[in-house]
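Thank you all for making time this morning.

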Amino acid sequence: MGAVKQHLLRSVLLAPLVLVACTAPGYGQSSAGSGAYSSAPTPAPAATPSAPASNPGLTLMSRNSSLGQILVDNAGRTVYLFEADKAGASSCYDACAQYWPPVLTNGAPQSGTGLQAALLGTTQRKDGSTEVTYAGHPLYYFVADKQADDIKGQGLNNFGGSWYVLSADGTKVDRS
């Protein structure tokens with residue numbers, strides 16, 4: 001294979017990797033989480049999410065935010081849906097799950113204030129853990145949400161899809 005063809009092949013194969021790296025959450029994102037970019041990337045998240053590995057006492061509820069009423073857990077952490085998920089099954093694993101840790105439980109999740117208990121459920125992940133669902137959407141935390149009421153992951157497009165907070169009726173909240 002000629003040098004030009006090898007260079008072209010390398011460029012074609014590496015382009016998606018560069019694209020994913022440059023669109024990963026936190027890459028050059030401003031501290032306001034608005035999606036504005038600066039010149040320096042932020043470090044990759046720790047392998048362990050801020051959420052517990054499993055949560056036997058997990059309760060989801062509706063809470064008022066700048067986006068209206070959204071779903072949060074009993075600690076006030078915002079939960080998100082991933083539009084790339086299909087048929088109630090998670091498609092977020094490996095690097096994706098480091099940035100977007102799944103909301104896991106060891107028992108039946110509970111419906112708190114403002115939620116419809118019939119929309120709350122679970123799905124099994126490939127590793128055998130149990131992920132919480134709402135209206136059929138597997139739920140996730142965002143690693144850059146450091147405190148209750150943070151919504152820094154809203155509207156981000158990462159790992160092959162967009163991420164949104166949910167309303168109490170189980171639909172994505174999209175204010176764009």
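Before anything else, a word we will need throughout: when I say that two residues are in contact, I mean that they have heavy atoms within 4.5 Å of each other. With that in mind, residues 24 or more positions apart account for 63% of the contacts in the protein chain that have a separation of 6 or more.

Please remember as we go that what you see is a predicted model. The mean pLDDT of the protein chain is 78, and 68% of its residues reach 70 or more. Over residues 1-52, however, the pLDDT is below 50, although in the model this stretch does have 45 contacts beyond near neighbours in sequence.

Let me turn to the overall layout. Of the 176 residues in the protein chain, 42% are buried.

Among the strands, I would like you to look at an open sheet made of three of them, which run in the order β3-β9-β8 with antiparallel pairing. In this sheet β3 and β8 stand at the edges and have a single partner strand each, so one side of each is left without a neighbour in the sheet.

Which residues have the most contacts inside the largest nonpolar core? That core has 19 residues, and the ones with the most contacts inside it are Ile 70, Tyr 80, Cys 92, Trp 100, Trp 163 and Val 165. At least two residues of this core come from each of β2, β3, α2 and β9, and it is α2 that gives the most, with three residues. Apart from this core lies another one, of 15 residues, among them Val 79, Leu 81, Val 103 and Val 132.

Cys 92 deserves a longer look. If we do not count residues up to four places away in sequence, Cys 92 touches Phe 82, Asp 85, Ala 97, Trp 100, Arg 125, Tyr 140 and Trp 163. The structure holds one disulfide, and Cys 92 forms it with Cys 96, their sulfur atoms being 2.0 Å apart. Both Cys 92 and Cys 96 are buried. The torsion about their S-S bond is about -110°, so the disulfide is left-handed.

Is Ser 91 buried, exposed or partly exposed? With a relative accessible area of 38%, Ser 91 is partly exposed, because that value falls between the cut-offs of 20% and 50%. Leaving aside its neighbours within four places in sequence, Ser 91 is in contact with Phe 82, Ala 84, Asp 85 and Tyr 140. Ser 91 and Phe 159, which are 68 residues apart in sequence, are 9.3 Å apart in space, C-alpha to C-alpha.

Finally, let us consider charge. In general, side chains of opposite charge can pair when their charged atoms come close. In this model the count comes to four salt bridges, and I will describe some of them.

In one, the side chains of Arg 63 and Asp 149 meet at 3.1 Å, N to O. Arg 63 lies in strand β1 and Asp 149 in the loop between β7 and β8, so the pair ties together parts that are 86 residues apart in sequence. Arg 63 is partly exposed at 30% relative accessible area, and Asp 149 is partly exposed at 45%.

In another, Asp 73 forms a salt bridge with Arg 77, where the closest N and O atoms are 2.6 Å apart. Asp 73 is buried, with a relative accessible area of 0%, and Arg 77, at 19%, counts as buried because the cut-off is under 20%.

Glu 131 forms a salt bridge with Arg 125, with 2.8 Å between the closest N and O atoms. Glu 131 is buried at 0% relative accessibility, and Arg 125, which Cys 92 also touches, is buried at 6%.

Definitions and conventions:
Residues numbered from 1 in each chain as written. Predicted model: local features only at pLDDT ≥ 70, side-chain atom pairs only at ≥ 80, totals over all residues. Heavy atoms only, no water. Buried < 20%, exposed > 50% of the residue type's maximum accessible area, 1.4 Å probe, protein only. Helix = DSSP H or I, 4+ residues; strand = E, 2+ residues; numbered from the N terminus. pLDDT = per-residue confidence, 0-100. Pairing = 2+ DSSP bridges. Core = buried A, V, L, I, M, F, W, Y, C linked by side-chain atoms within 4.5 Å. Disulfide = S-S within 2.5 Å.
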